[in-house]
Amino acid sequence: MMTNSSKSTLSRGITALVFLALVFVPVIGSRAMVQDLFMVLTLLVLALNWNMLAGFAGLVSVGQQAFVGIGAYAMFGGVILWGWDPLPAILLGGVAAMFLSLPIAFFTFRLNGAYFAIGTWVSAEIVRLSVAQWKALGGGTGTSLPKGTTKDMFGVPQIKDLLGVSSSAAADALTYWLALGLAVVTLLAGYVFLRSRMGLGLQAIRDNVEAARSVGVDPLRLKALVFVLSAFGTGLCGALLFIQITRVSPDAAFSVVDWTAFVIFITVIGGIGTLPGPVVGVLVFYILQRVLADYGTVYLIVLGLIGIVIMLFARKGLWGMFTEKTGIELLPLRHKSLQRSER
Amino acid sequence: MIWVDTIVQGILLGGLYALFAAGLSLVFGIMRLVNLAHGDLIVLAAFLILTVVNLLGLNPFVAALIAAPVMFAVGWLLQSYVLNRVLGDDILPPLLVTFGLSVVIQNGLLESFSADSQKLSAGPIEAASLPLGPITVGVMPLLTLISAVVVIFALNQLFYRTKLGQAFRATSDDAVTAGLMGIRPRNVFAIATGIAMVVATIAALYLGIRANFDPSIGPARLIYAFEAVIIGGLGSLWGTLAGGILIGVAQALGAAVNPEWQILAGHIAFVIVLLIRPRGLFPRAND
């Protein structure tokens with residue numbers, strides 16, 4: 001009989017192996033597989049960020065598409081208007097989203113609870129409608145990256161030589177690795193943050209605001225920090241997504257369904273307020289999408305129903321159920337007490 | 001004179017938004033439930049009216065009379081079997097459940113009615129207009145605004161003059177104490193949502209007659225409704241009407257300057273009001 005901690009060690013070993021396998025996908029896998037996994041990884045990054053907001057900071061945002069969209073548009077601006085290489089332009093996307101999050105936070109943080117959700121949604125609509133007025137980037141109809149931009153991207157020629165593939169396949173591999181890196185960094189950063197003093201404060205706020213305040217936690221400052229940081233991560237992800245998509249339009253970049261609705265379902269199904277939840281959720285999402293691909297929008301109905309059932313009967317999602325049944329914890333957030341207890 | 005005309009058209013448009021928002025405001029005021037599926041439920045009601053019209057060959061106004069009790073039942077069942085389970089201090093579960101519901105309804109309608117635009121036909125009244133002093137107003141928009149005022153007046157009467165309204169207010173103030181007085185909050189909530197769905201049916205009637213609709217338009221309508229409710233202030237039905245009219249006027253003024261700015265102007269008015277008054281214009285409740 002394995003103890004819970006040795007089971008956890010084993011599952012950590014498996015996680016490391018999975019990560020290694022993912023790194024080698026562009027070397028051994030097909031291009032379609034690389035592109036599919038790229039979408040999965042970017043959705044995972046969005047879900048990790050949203051989980052941080054809604055699951056840990058209690059900020060239920062329905063306006064994350066604002067940051068995906070502005071990240072994408074800033075990246076396009078960098079490449080098309082100022083002639084940047086797409087890679088630094090991704091960073092520009094993240095920074096732009098971070099700056100956008102400041103006025104949005106100023107407005108929405110005055111609203112509590114459900115008002116906040118509507119406030120973020122309206123904010124995202126305002127950004128979408130304003131960006132549609134940006135004529136240099138195609139206004140309401142949008143624009144494409146100049147032909148060959150991704151093929152000349154920094155690092156693509158080297159990857160091309162290394163793997164012996166076409167330029168477009170090398171560009172896919174590069175964006176894939178960036179997405180993988182972003183996902184891993186987001187996951188680990190979330191873990192480190194939540195284990196830190198600030199993260200502890202955040203969870204204290206979630207459990208009881210008054211009590212947290214009384215021991216010196218400043219809810220507003222901590223929540224604002226999470227909001228701005230997750231905007232940064234979401235903006236980076238948006239920029240990266242649209243390098244791969246190569247075409248941007250206000251409706252696609254600020255799509256509430258693609259960048260917020262799916263992300264919410266992924267997080268809820270996997271387990272909101274748990275760190276591995278989004279990983280589980282994104283796998284379920286991907287499998288559902290593939291299995292029900294031939295039935296039109298049926299997978300959306302199924303997704304919605306699963307989300308409702310999870311919220312009604314298992315609030316911590318699939319991962320929460322798994323942890324409860326097996327005692328396995330990856331990335332545990334609980335701190336061990338100093339006094340050893342018998343187990 | 002153009003400005004007067006624009007503002008009047010805006011007020012009339014606001015009547016439609018207030019009608020979308022009235023049911024939402026009722027539910028929000030009584031149980032603090034933010035129903036993200038409200039817009040899709042309105043669209044569902046519109047398709048229900050359309051089905052009755054097509055099957056029985058009735059005028060949409062008559063068909064709505066048949067659709068209304070069905071929608072009441074939908075609301076009652078929804079509240080009793082789903083939404084009552086997620087009410088509580090945590091706002092996340094109700095938001096997520098109604099969000100899921102919104103996606104399910106939208107795509108369910110898409111599967112059964114296709115993405116084609118539909119319209120309810122009410123005959124010559126659609127194009128009729130009335131000269132009102134120096135300006136002309138359409139009969140349908142005017143009827144919409146009058147209906148909004150009547151609906152809100154009726155809901156207020158219900159709220160403040162009847163036994164049921166007393167139960168609504170008591171439950172809204174303190175559900176536990178109301179329970180001790182022999183009121184069953186879950187039952188009260190179910191009736192409230194049922195009534196909200198009747199109001200949604202009326203909104204659907206005007207939505208369907210005045211413009212094309214398809215399964216996907218729910219959320220776009222919902223956002224104006226929410227803006228109206230929030231600007232108006234939690235729990236104030238007349239506030240919701242004022243909020244709807246404010247959004248309508250802002251949109252009409254924006255559109256008069258540049259047609260592309262119509263929607264944007266409405267959203268910006270929403271932001272400005274909340275920056276000045278975070279709790280809305282006429283807040284009744286204390287949260």
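Colleague: What makes the side chains of Lys135(A) and Glu260(B) a salt bridge?

Modeller: This is a predicted model, to start with. In it, the side chains of Lys135(A) and Glu260(B) come to 3.8 Å, N to O. The cut-off is within 4 Å for a Lys or Arg side-chain nitrogen and a carboxyl oxygen of Asp or Glu, so the pair qualifies.

Colleague: Which helix of chain A gives the most to the side that touches chain B?

Modeller: That's H6(A), with ten residues. By class, that side of chain A has 29 nonpolar, six polar and four charged residues.

Colleague: How do you know how much area chain A and chain B bury between them?

Modeller: Buried area is the accessible area the two parts lose on being put together, summed over both, so the figure here is about 3,500 Å². Carbon and sulfur atoms hold 81% of it. In chain A, Tyr115(A), Ile118(A) and Trp121(A) lose the most area to chain B, together 18% of what that side buries.

Colleague: Why does the radius of gyration of chain B agree with a compact globule?

Modeller: Because a compact globule of 287 residues would come out near 19 Å, and chain B has 19 Å.

Colleague: What share of chain B counts as buried?

Modeller: Of its 287 residues, 54%. The cut-off there is under 20% relative accessible area.

Note on methods
Residues are numbered from 1 along each chain as its sequence is written. Chains are lettered from A and ligands numbered from 1 in the order in which they are written. This is a predicted model: local features need pLDDT of at least 70, side-chain atom pairs count only at pLDDT 80 or more; totals for chains, interfaces and linings use all residues. Side-chain values use heavy atoms; hydrogens and water are left out. Buried area is the accessible area (1.4 Å probe) that two parts lose on being put together, summed over both. Helices (H or I, at least four residues) and strands (E, at least two) are DSSP runs, numbered from the N terminus. Ala, Val, Leu, Ile, Met, Phe, Trp, Tyr, Cys and Pro count as nonpolar, Asp, Glu, Lys and Arg as charged, and the others, Gly among them, as polar. The radius of gyration is taken over C-alpha atoms; the globule rule is 2.2 Å times the number of residues to the power 0.38. Buried means under 20% relative accessible area, exposed over 50%, partly exposed in between (1.4 Å probe, protein chains only).
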